[in-house]
Amino acid sequence: MKRLLLGIDIGTSACKVALFTHDGEVVAQGSGDYKVYYPQQGWAEQNPEEWWQAVCSAIRTMLVKNSIDPTDIAGIGIDGQSWSAIPIDIDGDVLCNTPIWMDTRAADICEELKMTVGEEKLFELSGNPLQPSYTLPKILWYKKHRPEVYRKTYKILQSNSFIAFRLTGAITQDVSQGYGLHCFDMRNGCWNHDTCNEIGIDAAMLPEIVPCHQVIGSVTKQAAQLTGLAAGTPVVAGGLDAACGTLGAGVMRAGETQEQGGQAGGMSLCMDTYHSDKRLILGCHVVPNLWLLQGGTVGGGGVVRWFEQEFCAEERNVSSANHTNSFYEMDKAASSIPAGSDGLVFLPYMAGERSPIWDSKAKGVYYGINFSKTRAHFIRASMEGVAFSLKHNLDIAESVGVCTNVLRAMGGAANSRLWTQIKADVTGKKIVVPSSDTATTLGAAILAGVGTGIYQSFDEAVSRTVAIKREHLPNPQNYKSYQRAYKIYLALYEKLKDIMHQ
């Protein structure tokens, strides 16, 4: 029997690929980098062809380096970053770079839609606020500002569906990525063609919606030559990275919650009944008949990565001498600072902010600087600020009756015991950590396993593949300290937002 499942993750800064046994053991991994382009203020875009080149290179290298027989791969699943708007023509060629999830160029489009169609009407259908970072405003931005691209567009793809298209030639739209378009009927998982007409987009541009675990095709001979995969290997539709990570962390029942610590931060609360709030994000889970109420923040692991690149040359030097890594040395420094960072508070709004404040002009701020503050204070305050953004989203969810007691952490940030403990202390929630680095690719691989019949159900898949590695209980004393700092965190934005908008 073919024994391996391949997960492909299209992240913001890199793609990751991982091969798993049916029991969730990682056999081999690889990655490939690509760029984010910032051509103008508020713009953030990527070239999907660079994703594809990175995926091909990462898979080829992984297979060769680990002496993997590609015919041992039983199925392939793909997850990807949210809110892409990849226009391809009838020949399958990409017509321009895609704005990504942090791009806010379509703010004027949102204001126009509020005046013409009405924000309440679109929210009632889609369950999501009308914000420029979503896919729909980006499509309308093409129509208004790049009419030559809009005229040539045959289909609009998402990040994972683009890679699936390159692998198989099949054009699809998985249900979990439908939340990026406000013509998506969130309750029923389908396009609303009347709303498409009212909004002014051609519904023919929107691919057919399919379940995330559905086999959509197989690896073509051309894709096999480029990737090293075996032609004919089944490929499933895949889904949103946060939703696949949620599955890979073992969240598939109402009330369970994933805490995300990748480039971006946030949380995903699993629900079996429909709940929406304009301050949060609502999407279909990759597991059928479930929804995810999400908080998506700009400030995640990317905050500490930025700080390391710009200010931590000393930690890099020390890590080289100690044969560790710079992030380990940053953790070590931050652990010497008390909870609350001696009054230093950080707003992690490094590219505006998504939920729950939805302010594209919000700015990152360090508050409470004086001569006593060290670099270690700034490292810890950066971690705490991201934890405050997580708490902010959890508080909003609880205010509308969607509560959780335990968080399942995933993403690179979950490798930091200190940062994970800070999040537990800030939120007052128990946090458990499965295999944090591979949760997202594992979720994609599970979809492939269910779709190809390796697993008879999602229950079987999760029980066989997901294991808790450690847990963090909140420290009551630290929780009290953070309650005071959190009030300052909330007040800072309210006091500064008018200045931020000037």
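Predicted model: local features only at pLDDT ≥ 70, side-chain atom pairs only at ≥ 80, totals over all residues.
Local features need pLDDT of at least 70 and side-chain atom pairs count only at pLDDT 80 or more, while totals for chains, interfaces and linings use all residues. Numbering starts from 1 along each chain as its sequence is written, and side-chain values use heavy atoms, with hydrogens and water left out.

View 1. Helices (DSSP runs of H or I, at least four residues) and strands (E, at least two) are numbered from the N terminus. H13 covers residues 375-399 and H14 residues 417-427; their axes come within 9 Å and cross at roughly 45°. Axes here are lines fitted to C-alpha atoms, for helices over the stretch in contact, and angles run from 0 to 180 degrees between N-to-C directions. On the H13 side, look for residues including Met 383, Phe 388 and Leu 394; they sit in a contact whose H14 side includes Trp 419 and Ile 422 (contact means heavy atoms within 4.5 Å). By class, this contact has ten nonpolar, one polar and four charged residues; Ala, Val, Leu, Ile, Met, Phe, Trp, Tyr, Cys and Pro count as nonpolar, Asp, Glu, Lys and Arg as charged, and the others, Gly among them, as polar.

**View 2. H10 packs roughly antiparallel to H13.** The axes of H10 (residues 301-311) and H13 lie 10 Å apart, at an angle of about 160°. From H10 come Val 303, Val 304, Phe 307 and Phe 311, and they meet H13 residues that include Phe 378, Ile 379 and Val 386. Eight residues of this contact are nonpolar, one is polar and one is charged.

**View 3. Ser 82 is tucked into a loop as a buried residue.** The loop runs between strand S5 (73-80) and strand S6 (86-88). Ser 82 has a relative accessible area of 7%, where buried means under 20%, exposed over 50% and partly exposed in between (1.4 Å probe, protein chains only). Beyond neighbours within four places in sequence, Ser 82 contacts Trp 101, Gln 158, Gln 177, Tyr 179, Leu 240, Asp 241 and Arg 354.

**View 4. Ile 199 and Ile 201 touch the most other members of the largest nonpolar core.** That core has 93 residues; a nonpolar core is a set of buried Ala, Val, Leu, Ile, Met, Phe, Trp, Tyr and Cys residues joined through side-chain atoms within 4.5 Å. Helix H15 (residues 439-451) gives the most to it, with seven residues.

Definitions and conventions:
Parallel < 35°, antiparallel > 145°, perpendicular 65-115°, else oblique.
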